[in-house]
Amino acid sequence: MIIDHWQVRPRYSDVDQMGYVYHANHVSFCHQARTELLRKLGIHDAMLEDKGVMLPVISFDIKYKTPAKYDELITITTKVEQMPCARFAFKFELRNEEKVLVSKAKSEVVFVDKSTRKPMVVPPFIKEVLEKTFIQEKEELGIRN
């Protein structure tokens with residue numbers, strides 16, 4: 001499993017009239033967290049485009065638990081639980097400063113060839129990075145195959 005944490009402090013423009021983070025911004029925060037996790041692995045958007053790979057979202061499911069508020073530090077935990085094939089699944093948990101669960105989400109993207117717009121299996125350069133990261137995570141947790 002690959003786990004990452006990313007934080008955001010909602011700005012005034014992120015909240016609604018009640019002072020709560022507008023519901024659609026949870027989706028945006030998850031997208032940013034996913035992007036940052038991949039960036040930490042050396043897989044960033046510009047590199048993907050240069051290599052002819054796109055990652056469009058094909059599903060997003062979210063459950064809201066408690067409101068997130070203006071200027072409240074939100075920690076987003078992003079998890080990748082298994083190696084992707086053509087689809088790449090992410091799970092998210094958003095928690096406030098008191099560690100209270102704000103929302104949970106799941107997202108799936110698919111690997112697409114930029115020029116043909118056709119789905120493709122995970123490109124070898126991504127597969128190599130992810131496999132190495134999964135192995136490192138197992139070693140750090142003391143898990144053997």
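The model is predicted, so local features need pLDDT of at least 70 and side-chain atom pairs count only at pLDDT 80 or more, while totals for chains, interfaces and linings use all residues. Residues are numbered from 1 along each chain as its sequence is written, and side-chain values use heavy atoms, with hydrogens and water left out. Helices (H or I, at least four residues) and strands (E, at least two) are DSSP runs, numbered from the N terminus.

- Five strands form an open sheet in the order 1-4-5-6-3, with antiparallel pairing; two strands pair if DSSP finds at least two bridges between them.
- Strand 1 and strand 3 (57-64) are the edge strands, each pairing on one side only.
- On average, neighbouring strands of this sheet are turned by 20° against each other, direction ignored.
- Axes are lines fitted to C-alpha atoms, for helices over the stretch in contact, and angles run from 0 to 180 degrees between N-to-C directions.
- Five bridges join strand 4 and strand 5 in the antiparallel sense.
- Threonine 75 has arginine 95, in strand 5, as its bridge partner.

**Helix 1**

- Helix 1 lies across strand 1, strand 3, strand 4, strand 5 and strand 6, and runs at about 125° to strand 1.
- The 18 residues of helix 1 should span 26 Å at 1.5 Å a residue, and its end C-alpha atoms are 27 Å apart, which agrees; the expected span is 1.5 Å times one less than the number of residues.
- Among the buried residues of helix 1 are Phe29, Cys30, Ala33, Leu37 and Leu38; buried means under 20% relative accessible area, exposed over 50%, and partly exposed in between (1.4 Å probe, protein chains only).
- The buried residues of helix 1 pack against strand 1, helix 2, strand 3, strand 4, strand 5 and strand 6.

**The nonpolar core**

- A nonpolar core is a set of buried Ala, Val, Leu, Ile, Met, Phe, Trp, Tyr and Cys residues joined through side-chain atoms within 4.5 Å.
- The largest such core has 32 residues, and Ile76, Phe88, Phe90 and Leu94 have the most contacts inside it.
- Helix 1 gives the largest share of this core, five residues.
- Phenylalanine 88 is in contact (heavy atoms within 4.5 Å) with residues including Leu38, Val80 and Leu130, leaving aside neighbours within four places in sequence.

**Threonine 133**

- Threonine 133 is in helix 3 and is buried, with a relative accessible area of 10%.
- Not counting residues up to four places away in sequence, threonine 133 touches Ile2 and Leu41.
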